[in-house]
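Welcome to the tour. Open your viewer, show the whole chain, and follow the stops below.

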Amino acid sequence: MERFLRTKSNEVPLKRSNIMISLKTGEPMEIPETDILGRSRSVSEFEKLNRIGEGTYGIVYRARDTKTNEIVALKKVRMDQEKDGLPISGLREIMILKTCQHENIVQLREVVVGRSLESIFLSLEYCEQDLASLLDNMQTNFSESQVKCLILQVLRGVKYLHENFIIHRDLKVSNLLLTDKGTIKIADFGLAKHFGIPAKASTPQVVTLWYRAPELLLGSKIQSTAVDIWAVGCILGELLGHKPLLPGTTEIGQLELIVDLLGTPSDAIWPEFSLLPAVQNFTLKQQPYNNLKQRFPWLSAAGLRLLNFLFMYDPKKRATAEECIQSSYFKEIPFPCDPKLMPTFPHHRNLKVGGSSSVPKAAQEPGVSSTTEPTISFSLPISELLGNIVKKRKHE
(Lines give C-alpha, C1' and ligand atoms only; values in the text may rest on other atoms or scores of the structure.)
Protein backbone atom coordinates (compact mmCIF):
# COMPACT_ATOMS: atom_id res chain seq x y z
CA MET A 1 0.00 0.00 0.00
CA GLU A 2 1.50 3.34 -1.08
CA ARG A 3 2.08 5.95 1.63
CA PHE A 4 1.42 9.64 0.91
CA LEU A 5 2.93 12.90 2.12
CA ARG A 6 0.15 15.41 2.73
CA THR A 7 0.85 19.04 1.77
CA LYS A 8 -1.44 22.07 1.66
CA SER A 9 -1.97 21.74 -2.07
CA ASN A 10 -1.98 18.00 -2.78
CA GLU A 11 -0.77 14.55 -1.83
CA VAL A 12 2.69 13.42 -2.92
CA PRO A 13 3.74 9.71 -2.86
CA LEU A 14 6.20 9.23 0.01
CA LYS A 15 9.34 7.63 -1.41
CA ARG A 16 12.29 6.87 0.85
CA SER A 17 14.72 7.89 -1.88
CA ASN A 18 13.60 11.50 -2.14
CA ILE A 19 12.06 12.43 1.21
CA MET A 20 13.99 13.59 4.25
CA ILE A 21 13.09 15.07 7.61
CA SER A 22 14.00 18.73 8.06
CA LEU A 23 16.42 19.20 10.95
CA LYS A 24 14.93 22.64 11.63
CA THR A 25 11.17 21.97 11.48
CA GLY A 26 11.00 18.20 11.88
CA GLU A 27 8.67 18.07 8.86
CA PRO A 28 9.10 15.84 5.78
CA MET A 29 10.51 17.64 2.76
CA GLU A 30 11.42 16.60 -0.75
CA ILE A 31 15.09 16.27 -1.75
CA PRO A 32 16.05 17.72 -5.14
CA GLU A 33 16.94 15.00 -7.64
CA THR A 34 20.53 16.27 -7.91
CA ASP A 35 21.06 15.96 -4.15
CA ILE A 36 19.64 12.48 -3.53
CA LEU A 37 23.09 10.89 -3.20
CA GLY A 38 24.62 13.83 -1.34
CA ARG A 39 28.38 13.89 -1.92
CA SER A 40 28.55 10.10 -2.29
CA ARG A 41 29.03 8.39 -5.63
CA SER A 42 26.36 6.13 -7.09
CA VAL A 43 26.86 2.37 -7.03
CA SER A 44 25.75 2.38 -10.67
CA GLU A 45 29.23 3.69 -11.47
CA PHE A 46 30.64 0.28 -10.51
CA GLU A 47 30.38 -2.90 -12.55
CA LYS A 48 29.97 -6.01 -10.39
CA LEU A 49 32.20 -8.76 -11.76
CA ASN A 50 31.58 -11.61 -9.33
CA ARG A 51 30.74 -12.39 -5.73
CA ILE A 52 33.88 -13.20 -3.74
CA GLY A 53 32.65 -13.75 -0.21
CA GLU A 54 30.32 -12.96 2.62
CA GLY A 55 31.48 -11.28 5.82
CA THR A 56 29.82 -11.03 9.20
CA TYR A 57 27.84 -7.98 8.16
CA GLY A 58 27.83 -7.91 4.37
CA ILE A 59 28.26 -9.57 0.97
CA VAL A 60 31.46 -8.71 -0.93
CA TYR A 61 31.80 -8.40 -4.70
CA ARG A 62 34.74 -7.89 -7.01
CA ALA A 63 33.84 -4.83 -9.04
CA ARG A 64 35.30 -2.41 -11.58
CA ASP A 65 35.16 1.34 -11.06
CA THR A 66 33.96 2.50 -14.48
CA LYS A 67 35.41 5.99 -13.89
CA THR A 68 38.99 4.89 -13.13
CA ASN A 69 38.90 1.30 -14.48
CA GLU A 70 40.33 0.09 -11.14
CA ILE A 71 39.28 -3.21 -9.55
CA VAL A 72 37.81 -2.78 -6.06
CA ALA A 73 36.06 -4.89 -3.44
CA LEU A 74 32.46 -3.70 -3.06
CA LYS A 75 30.92 -4.68 0.27
CA LYS A 76 27.16 -4.31 0.64
CA VAL A 77 26.16 -3.27 4.15
CA ARG A 78 23.59 -5.67 5.57
CA MET A 79 20.23 -4.01 6.09
CA ASP A 80 18.13 -7.18 6.51
CA GLN A 81 16.31 -6.07 9.66
CA GLU A 82 16.71 -2.33 9.32
CA LYS A 83 13.80 -0.06 8.40
CA ASP A 84 14.80 3.41 9.45
CA GLY A 85 18.55 3.76 9.20
CA LEU A 86 22.06 2.38 9.19
CA PRO A 87 22.82 -0.31 11.80
CA ILE A 88 25.39 0.55 14.45
CA SER A 89 27.66 -2.25 13.17
CA GLY A 90 27.79 -0.74 9.67
CA LEU A 91 28.39 2.79 10.90
CA ARG A 92 31.05 1.55 13.33
CA GLU A 93 32.88 -0.29 10.54
CA ILE A 94 32.84 2.78 8.31
CA MET A 95 34.07 5.06 11.06
CA ILE A 96 36.88 2.72 12.11
CA LEU A 97 38.10 2.13 8.55
CA LYS A 98 38.01 5.88 7.81
CA THR A 99 40.43 6.48 10.67
CA CYS A 100 42.82 3.60 9.85
CA GLN A 101 45.86 4.18 7.66
CA HIS A 102 48.22 1.21 7.82
CA GLU A 103 49.83 -1.12 5.32
CA ASN A 104 48.29 -4.17 6.99
CA ILE A 105 44.73 -2.81 7.33
CA VAL A 106 42.41 -2.94 4.32
CA GLN A 107 41.82 0.57 3.00
CA LEU A 108 38.33 2.06 2.70
CA ARG A 109 38.31 4.08 -0.51
CA GLU A 110 34.82 5.56 -0.22
CA VAL A 111 31.18 4.90 0.65
CA VAL A 112 28.91 4.56 -2.40
CA VAL A 113 25.14 4.45 -2.34
CA GLY A 114 22.11 3.56 -4.41
CA ARG A 115 18.82 5.41 -4.54
CA SER A 116 17.41 3.75 -1.42
CA LEU A 117 18.67 3.43 2.14
CA GLU A 118 19.05 -0.33 1.66
CA SER A 119 21.78 0.26 -0.95
CA ILE A 120 24.92 1.26 0.92
CA PHE A 121 28.29 -0.13 -0.17
CA LEU A 122 31.87 0.19 1.00
CA SER A 123 34.41 0.49 -1.79
CA LEU A 124 37.57 -1.18 -0.46
CA GLU A 125 40.99 -1.83 -1.95
CA TYR A 126 40.95 -5.18 -3.72
CA CYS A 127 43.17 -8.02 -2.53
CA GLU A 128 43.67 -11.05 -4.74
CA GLN A 129 43.39 -13.72 -2.01
CA ASP A 130 41.77 -14.37 1.32
CA LEU A 131 43.87 -16.63 3.51
CA ALA A 132 41.10 -19.16 4.20
CA SER A 133 40.37 -19.86 0.51
CA LEU A 134 44.09 -19.92 -0.17
CA LEU A 135 44.72 -22.54 2.53
CA ASP A 136 41.89 -24.65 1.09
CA ASN A 137 43.37 -24.58 -2.43
CA MET A 138 47.15 -24.62 -1.89
CA GLN A 139 49.05 -27.55 -3.39
CA THR A 140 51.91 -27.19 -0.88
CA ASN A 141 51.80 -25.72 2.60
CA PHE A 142 53.44 -22.48 3.66
CA SER A 143 57.01 -22.90 4.84
CA GLU A 144 57.89 -21.77 8.36
CA SER A 145 59.70 -18.77 6.90
CA GLN A 146 56.54 -17.76 5.04
CA VAL A 147 54.38 -18.35 8.15
CA LYS A 148 56.65 -15.98 10.09
CA CYS A 149 56.30 -13.38 7.34
CA LEU A 150 52.49 -13.62 7.42
CA ILE A 151 52.04 -13.61 11.19
CA LEU A 152 54.47 -10.70 11.66
CA GLN A 153 52.31 -8.62 9.31
CA VAL A 154 49.19 -9.63 11.21
CA LEU A 155 50.84 -8.60 14.48
CA ARG A 156 51.86 -5.22 13.03
CA GLY A 157 48.29 -4.59 11.95
CA VAL A 158 46.94 -5.66 15.36
CA LYS A 159 49.52 -3.47 17.11
CA TYR A 160 48.33 -0.47 15.09
CA LEU A 161 44.69 -1.18 15.96
CA HIS A 162 45.38 -1.58 19.68
CA GLU A 163 47.52 1.56 19.79
CA ASN A 164 44.53 3.40 18.32
CA PHE A 165 42.13 1.89 20.89
CA ILE A 166 40.42 -0.48 18.45
CA ILE A 167 39.63 -4.15 19.13
CA HIS A 168 38.89 -6.16 15.98
CA ARG A 169 36.96 -8.93 17.79
CA ASP A 170 36.78 -11.25 14.76
CA LEU A 171 40.31 -12.11 13.70
CA LYS A 172 40.46 -15.36 11.71
CA VAL A 173 42.08 -16.59 8.51
CA SER A 174 39.04 -15.72 6.36
CA ASN A 175 39.33 -12.09 7.50
CA LEU A 176 42.98 -11.88 6.44
CA LEU A 177 43.50 -10.84 2.83
CA LEU A 178 46.70 -11.33 0.83
CA THR A 179 47.84 -9.29 -2.14
CA ASP A 180 49.99 -10.56 -4.98
CA LYS A 181 52.82 -8.51 -3.46
CA GLY A 182 52.74 -10.66 -0.33
CA THR A 183 51.07 -8.06 1.90
CA ILE A 184 48.55 -9.15 4.52
CA LYS A 185 45.50 -6.93 5.07
CA ILE A 186 43.21 -7.28 8.09
CA ALA A 187 39.60 -6.94 6.90
CA ASP A 188 35.94 -7.24 7.98
CA PHE A 189 35.51 -4.76 10.81
CA GLY A 190 31.81 -5.52 11.33
CA LEU A 191 32.42 -6.54 14.95
CA ALA A 192 35.26 -4.11 15.69
CA LYS A 193 34.83 -1.39 18.30
CA HIS A 194 36.70 1.38 20.04
CA PHE A 195 37.58 0.73 23.66
CA GLY A 196 38.39 2.99 26.57
CA ILE A 197 40.07 2.74 29.96
CA PRO A 198 38.55 1.37 32.09
CA ALA A 199 36.85 -1.06 29.71
CA LYS A 200 33.06 -1.15 29.62
CA ALA A 201 30.94 -4.31 29.61
CA SER A 202 30.16 -5.77 26.17
CA THR A 203 28.40 -8.85 24.86
CA PRO A 204 30.68 -11.91 25.04
CA GLN A 205 29.13 -13.31 21.84
CA VAL A 206 31.86 -12.08 19.50
CA VAL A 207 34.75 -13.73 17.66
CA THR A 208 34.19 -16.85 15.57
CA LEU A 209 34.09 -19.91 17.84
CA TRP A 210 37.37 -21.48 16.68
CA TYR A 211 39.25 -18.28 17.58
CA ARG A 212 37.32 -17.25 20.70
CA ALA A 213 39.30 -16.60 23.89
CA PRO A 214 38.44 -18.61 27.04
CA GLU A 215 37.30 -15.52 28.99
CA LEU A 216 34.60 -14.97 26.33
CA LEU A 217 33.58 -18.62 26.38
CA LEU A 218 33.24 -18.39 30.16
CA GLY A 219 30.98 -15.35 29.99
CA SER A 220 33.25 -12.41 30.75
CA LYS A 221 31.62 -9.13 29.72
CA ILE A 222 34.90 -7.20 29.82
CA GLN A 223 36.77 -7.42 26.53
CA SER A 224 40.33 -6.26 26.19
CA THR A 225 42.87 -6.36 23.39
CA ALA A 226 43.74 -9.83 24.72
CA VAL A 227 40.83 -11.36 22.77
CA ASP A 228 42.59 -10.39 19.53
CA ILE A 229 45.90 -11.79 20.78
CA TRP A 230 44.29 -15.18 21.53
CA ALA A 231 42.87 -15.21 17.99
CA VAL A 232 46.35 -14.47 16.57
CA GLY A 233 47.61 -17.50 18.51
CA CYS A 234 44.93 -19.66 16.86
CA ILE A 235 45.89 -18.26 13.44
CA LEU A 236 49.59 -18.97 14.05
CA GLY A 237 48.78 -22.53 15.15
CA GLU A 238 46.63 -23.01 12.06
CA LEU A 239 49.36 -21.80 9.71
CA LEU A 240 52.00 -23.95 11.41
CA GLY A 241 49.82 -27.06 11.61
CA HIS A 242 48.15 -26.62 8.20
CA LYS A 243 44.67 -27.07 9.71
CA PRO A 244 42.42 -25.29 12.25
CA LEU A 245 43.97 -25.53 15.70
CA LEU A 246 40.80 -25.59 17.83
CA PRO A 247 37.83 -26.50 15.58
CA GLY A 248 35.06 -26.75 18.17
CA THR A 249 31.39 -27.11 17.22
CA THR A 250 29.86 -25.87 20.49
CA GLU A 251 31.06 -23.56 23.25
CA ILE A 252 31.46 -26.49 25.66
CA GLY A 253 33.31 -28.45 22.98
CA GLN A 254 35.54 -25.46 22.32
CA LEU A 255 36.45 -25.21 26.01
CA GLU A 256 37.26 -28.92 26.07
CA LEU A 257 39.61 -28.55 23.09
CA ILE A 258 41.37 -25.65 24.82
CA VAL A 259 41.72 -27.67 28.03
CA ASP A 260 43.06 -30.67 26.09
CA LEU A 261 45.72 -28.45 24.52
CA LEU A 262 46.68 -26.19 27.41
CA GLY A 263 45.50 -27.89 30.61
CA THR A 264 42.74 -26.90 33.01
CA PRO A 265 42.75 -23.26 34.19
CA SER A 266 42.63 -22.44 37.90
CA ASP A 267 42.73 -19.46 40.24
CA ALA A 268 46.45 -20.10 40.70
CA ILE A 269 47.25 -19.11 37.11
CA TRP A 270 44.14 -17.00 36.48
CA PRO A 271 43.08 -15.19 39.68
CA GLU A 272 39.64 -14.18 38.37
CA PHE A 273 38.83 -17.60 36.92
CA SER A 274 36.35 -18.78 39.58
CA LEU A 275 34.44 -15.47 39.37
CA LEU A 276 33.51 -15.89 35.69
CA PRO A 277 29.75 -16.44 35.18
CA ALA A 278 29.91 -19.76 33.31
CA VAL A 279 32.26 -21.35 35.85
CA GLN A 280 29.33 -21.51 38.27
CA ASN A 281 27.30 -23.63 35.83
CA PHE A 282 29.64 -26.55 35.09
CA THR A 283 32.97 -28.09 36.01
CA LEU A 284 35.81 -28.36 33.54
CA LYS A 285 37.52 -31.70 33.25
CA GLN A 286 40.88 -31.95 35.00
CA GLN A 287 43.79 -32.09 32.57
CA PRO A 288 47.09 -30.93 34.12
CA TYR A 289 49.36 -30.88 31.05
CA ASN A 290 50.29 -28.29 28.45
CA ASN A 291 50.39 -30.21 25.15
CA LEU A 292 51.64 -27.52 22.80
CA LYS A 293 55.00 -29.29 22.47
CA GLN A 294 53.24 -32.56 21.62
CA ARG A 295 51.13 -30.76 19.00
CA PHE A 296 54.18 -29.01 17.46
CA PRO A 297 57.15 -31.31 18.24
CA TRP A 298 59.32 -29.73 15.51
CA LEU A 299 58.83 -26.16 16.71
CA SER A 300 61.77 -24.40 18.37
CA ALA A 301 61.78 -23.39 22.03
CA ALA A 302 61.29 -19.76 20.97
CA GLY A 303 58.28 -20.70 18.84
CA LEU A 304 56.69 -22.67 21.70
CA ARG A 305 57.38 -19.78 24.06
CA LEU A 306 55.60 -17.38 21.69
CA LEU A 307 52.58 -19.69 21.44
CA ASN A 308 52.42 -19.99 25.22
CA PHE A 309 52.45 -16.20 25.60
CA LEU A 310 49.67 -15.90 23.02
CA PHE A 311 47.66 -18.55 24.89
CA MET A 312 48.02 -17.30 28.46
CA TYR A 313 44.72 -18.02 30.22
CA ASP A 314 44.80 -14.79 32.23
CA PRO A 315 44.01 -11.96 29.74
CA LYS A 316 46.05 -9.54 31.86
CA LYS A 317 49.16 -11.69 31.44
CA ARG A 318 48.66 -12.46 27.76
CA ALA A 319 51.29 -10.96 25.47
CA THR A 320 50.78 -7.67 23.65
CA ALA A 321 51.23 -7.39 19.89
CA GLU A 322 54.44 -5.39 20.41
CA GLU A 323 55.88 -8.07 22.73
CA CYS A 324 55.08 -10.72 20.12
CA ILE A 325 56.78 -8.73 17.36
CA GLN A 326 59.93 -8.59 19.50
CA SER A 327 59.88 -12.37 20.07
CA SER A 328 63.17 -14.17 19.47
CA TYR A 329 61.19 -16.60 17.29
CA PHE A 330 61.33 -14.05 14.47
CA LYS A 331 65.07 -13.54 14.94
CA GLU A 332 66.16 -17.15 14.51
CA ILE A 333 66.56 -19.42 11.50
CA PRO A 334 64.48 -19.76 9.39
CA PHE A 335 64.09 -15.98 9.24
CA PRO A 336 60.81 -14.41 8.06
CA CYS A 337 60.94 -14.04 4.30
CA ASP A 338 60.46 -10.67 2.63
CA PRO A 339 56.79 -10.17 1.65
CA LYS A 340 57.89 -9.47 -1.93
CA LEU A 341 59.37 -12.99 -2.04
CA MET A 342 56.08 -14.64 -1.06
CA PRO A 343 54.79 -16.92 -3.82
CA THR A 344 51.84 -15.87 -5.95
CA PHE A 345 48.80 -18.11 -6.39
CA PRO A 346 45.94 -18.57 -8.86
CA HIS A 347 43.06 -16.16 -8.22
CA HIS A 348 40.49 -18.73 -7.08
CA ARG A 349 38.06 -16.07 -5.90
CA ASN A 350 37.82 -14.62 -9.40
CA LEU A 351 36.62 -17.96 -10.77
CA LYS A 352 33.29 -17.66 -8.94
CA VAL A 353 30.86 -16.05 -11.32
CA GLY A 354 27.69 -14.10 -10.73
CA GLY A 355 25.85 -14.34 -7.45
CA SER A 356 25.69 -18.13 -7.45
CA SER A 357 29.08 -18.81 -5.92
CA SER A 358 29.06 -20.94 -2.84
CA VAL A 359 30.08 -19.51 0.49
CA PRO A 360 33.73 -20.39 1.24
CA LYS A 361 34.31 -23.06 3.84
CA ALA A 362 35.75 -20.52 6.26
CA ALA A 363 32.52 -18.51 6.11
CA GLN A 364 30.70 -21.58 7.40
CA GLU A 365 32.67 -21.67 10.65
CA PRO A 366 30.30 -21.85 13.60
CA GLY A 367 29.92 -19.41 16.38
CA VAL A 368 29.76 -15.84 15.10
CA SER A 369 26.88 -14.19 16.83
CA SER A 370 24.84 -11.97 14.53
CA THR A 371 23.13 -10.04 17.27
CA THR A 372 20.60 -7.41 16.32
CA GLU A 373 22.17 -3.98 16.55
CA PRO A 374 20.31 -0.79 17.40
CA THR A 375 19.56 1.46 14.45
CA ILE A 376 20.67 5.01 13.81
CA SER A 377 18.18 7.03 11.76
CA PHE A 378 19.56 9.99 9.88
CA SER A 379 18.42 12.50 7.32
CA LEU A 380 21.75 13.94 6.18
CA PRO A 381 23.58 12.46 3.17
CA ILE A 382 25.86 9.72 4.53
CA SER A 383 29.05 11.61 3.61
CA GLU A 384 27.91 14.63 5.65
CA LEU A 385 26.86 12.42 8.55
CA LEU A 386 30.28 10.76 8.71
CA GLY A 387 32.03 14.13 8.40
CA ASN A 388 30.07 15.51 11.34
CA ILE A 389 30.93 12.50 13.49
CA VAL A 390 34.65 12.83 12.69
CA LYS A 391 34.54 16.53 13.69
CA LYS A 392 32.78 15.63 16.93
CA ARG A 393 35.40 12.99 17.78
CA LYS A 394 38.21 15.51 17.17
CA HIS A 395 36.61 17.99 19.60
CA GLU A 396 36.23 15.26 22.20
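What does the accessible surface of the chain come to, and what part of it belongs to carbon and sulfur atoms? The surface comes to about 19,600 Å², and 53% of it belongs to carbon and sulfur atoms (Shrake-Rupley method, 1.4 Å probe).

A word on what you see: this is a predicted model, where local features need pLDDT of at least 70, side-chain atom pairs count only at pLDDT 80 or more, and totals for chains, interfaces and linings use all residues. Residues are numbered from 1 along each chain as its sequence is written, and side-chain values use heavy atoms, with hydrogens and water left out.

Now switch to cartoon view. The chain has ten helices and 17 strands; these are DSSP runs (H or I, at least four residues, for helices; E, at least two, for strands), numbered from the N terminus.

Next, select residues 144-163, helix 3, and residues 226-241, helix 5: their axes come within 10 Å and cross at roughly 170°. Axes here are lines fitted to C-alpha atoms over the stretch in contact, with angles from 0 to 180 degrees between N-to-C directions. Helix 3 and helix 5 are therefore roughly antiparallel (an angle over 145 degrees). Show side chains for the contact (heavy atoms within 4.5 Å): among them are Val147, Leu150 and Val154 of helix 3 and Ile229, Val232 and Leu236 of helix 5.

Finally, select leucine 49 in strand 6, residues 46-55. Leucine 49 is partly exposed, with a relative accessible area of 29% (partly exposed lies between buried, under 20%, and exposed, over 50%, with protein chains only).

Terms used:
Angles under 35 degrees count as roughly parallel, over 145 as roughly antiparallel, 65 to 115 as roughly perpendicular and the rest as oblique. Buried means under 20% relative accessible area, exposed over 50%, partly exposed in between (1.4 Å probe, protein chains only).
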